[in-house]
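Subject: Structure handover

Hello,

Here is the structure I said I would pass on. My notes on helix packing and on spaces inside the protein follow below it.

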Amino acid sequence: MLIEEIIIFGTIKSGVYALLALGFTLIYGISGVVNLAHGSFYMLGAYLFFIIGTLGILGSGTILSSILALIFAVILVGVIGSVTYRLTIHPVVGDEIAVMVVTVCLALIFQQLVILVFGVTFPPVRWPEDSFLMTSIRILGVPVLYSRILAFVASMALFASLLVFITKTKIGKAMRAVSQDREVAMLMGVNTERLYMLTMAISAMLAAVAGILITTSFEMFAGSWMWLHPLALSFSIVILGGMGSIKGSLVGAFIIGYAEQTVAISVPEGGQIISVVPLAVMVLVLLLRPKGLFGKRIEMEE
Amino acid sequence: MLEVKDLVVHYDGAMALNGINLNVEDGEFIGIVGPNGSGKTTLLRSISGVLTEVEPGKKERPSLSGTIIFDGRRIDKLKAWQVTKAGIIHCPERRRPFSEMTTLENLEMGAYLRKDKDGVKKDLERVYELFPILKDRTNQMSQTLSGGEQQMLAIGRALMAKPKLLLIDEPSLGLAPILKESVLECIRDIWLSGVTILLVEQDVAITLASAQRIYVLAHGKIAVQGTKEELMKNRDVREIYLGL
């Protein structure tokens, strides 16, 4: 029973974590930005999903309206990500310390905004209560909500389509070109500024999707603190997998996802201490193999 | 076609180019020679606009003054991608292929700004005709290519952009003498097909053999210029600048 639960819920969470980390690694790999506000986009996704659902502009109470709300929220976060990037991060790109300071400030600003608007109320971020997504199916004897299955399947599908986007499309190739040699990519006619803005939009959207999928399927409440755990997750997954490595973000997500779930289920009161797990893994990796499992970009930059 | 006037470039507080005047007519093959550190690469980087494309947060920024005019239009304030769009393609020093992309993907990147799919397809055929070895390497990662193949890839990639003016930086660098010859032969073919060439080289002999006019760069200035015959006539120029 115990091991089955670890495997099933570990797999589901890991899948969503992979998406979250993919966004983080993408913007790092392409523009060199370590975006410490990545968790904020996760948080904004969940809040905007809740707000749009509550306002009922796109209908309410049905799965369709929820999915529309999700899409709309994710696009909004993409726009927010892209605009904040252009206004605040882009002017300091190339100066790592300044980028970190700016992105930490952004994270705190978003946190304060949420407190301003919501005060001490913590909205539940849910699918409609009476939809089939809130019913469950037994897998290996463990009851699993359909919403969680959806979270996993949707994450993996998005991850795969992003891979196809990067390898097959013209813009995807330009992204890879910039990550390999920014200057030569410019000589080929790539407008890097616009490309960075697009990458940041995609990165923020991935975080937003992850935020909505995790909160809805694990029936959580949104709160102004909720950007911190996903940030720790993205950071540690990407350090474990190797900064800038897409394969690394997938493998790293599964390692950390299972580790978290193992602690949550097998340690007494484990649920209270899971946020320590990614950080502990990160410290271990930094001690033992600082470039991560698949990191080579860092080596190449010397 | 291209006119550089009083170009001055400061780099890390030091002067890299000190008042360069140069012009290239449509259809010419121009060579620029000069020793290491004379400012040849800086000159090409200034023209293609990549010199001033430092990331916004970097503290050390090269400064550029003077004017660069291409096809009657000032380009010294343009971004690198706009210069590329205008038709100047810069094939950089040390070839610099996108190492984790295949030969084909590298060539496709060359055609990044082009919308004419049929034309791109035709040019791809042409590049493969010019450099048959690249066809055999189509799906190979470019980092596994030999130095000569990488140079052909870099030139092919630049050709895919359909340049009006092609800037080539040290194509012979690190190549065996026989390969140098064949790479230069290819550049001559490209020129004969109607592309204006501005070639920067340390190898004086092969430049003299190909270019119609030559500028000799020393200490960030144009020391002498002229046709091969004019330069060779003067014994001082021959000994001091060309080492022949």
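In chain B, helix α3 (residues 103-110) and helix α6 (residues 147-159) have axes that come within 7 Å and cross at roughly 35 degrees. Please keep in mind that this is a predicted model. The crossing of α3(B) past α6(B) is right-handed. On the α3(B) side, the residues involved are B:Thr103, B:Asn106, B:Leu107 and B:Gly110. They meet B:Leu153, B:Gly156 and B:Arg157 of α6(B). By class, this contact has 2 nonpolar, 4 polar and 1 charged residues.

Chain A has a helix pair to look at as well. Helix α5 (residues 146-168) of chain A packs with helix α10 (residues 246-266) of chain A at an angle of about 165 degrees, and their axes are 12 Å apart. Because of that angle, α5(A) counts as roughly antiparallel to α10(A), the cut-off being over 145 degrees. The crossing of α5(A) past α10(A) is left-handed. From α5(A), the contact draws on A:Phe152, A:Met156, A:Phe159, A:Leu163 and A:Ile166. From α10(A), it draws on A:Ile246, A:Ser249, A:Leu250 and A:Phe254. Sorted by class, the residues of this contact are 8 nonpolar and 1 polar, with no charged residue.

Next, the open space. The second largest pocket holds about 660 Å³.

How many cavities of 30 Å³ or more does the structure hold? There is 1, and the volume of the largest cavity is about 30 Å³. Its lining is made up of B:Arg45, B:Ser46, B:Gly49, B:Leu51, B:Thr52, B:Leu64 and B:Asp76. Of these lining residues, 2 are nonpolar, 3 are polar and 2 are charged. B:Arg45 and B:Asp76 are the charged ones, because Arg and Asp both fall in that class.

Regards

Key
Residues numbered from 1 in each chain as written. Chains lettered and ligands numbered in written order. Predicted model: local features only at pLDDT ≥ 70, side-chain atom pairs only at ≥ 80, totals over all residues. Heavy atoms only, no water. 1 Å grid on protein atoms, 1.4 Å probe; cavity = no way out; pocket = protein on both sides within 12 Å on 5 of 7 lines; lining within 4 Å. Points joined across faces, edges and corners; volume = space filled by probe spheres on them. Axes fitted to C-alpha atoms, helices over the stretch in contact; angles between N-to-C directions. Helix = DSSP H or I, 4+ residues; strand = E, 2+ residues; numbered from the N terminus. Parallel < 35°, antiparallel > 145°, perpendicular 65-115°, else oblique. Left-handed = near helix turned anticlockwise from the far one by under 90°. Contact = heavy atoms within 4.5 Å.
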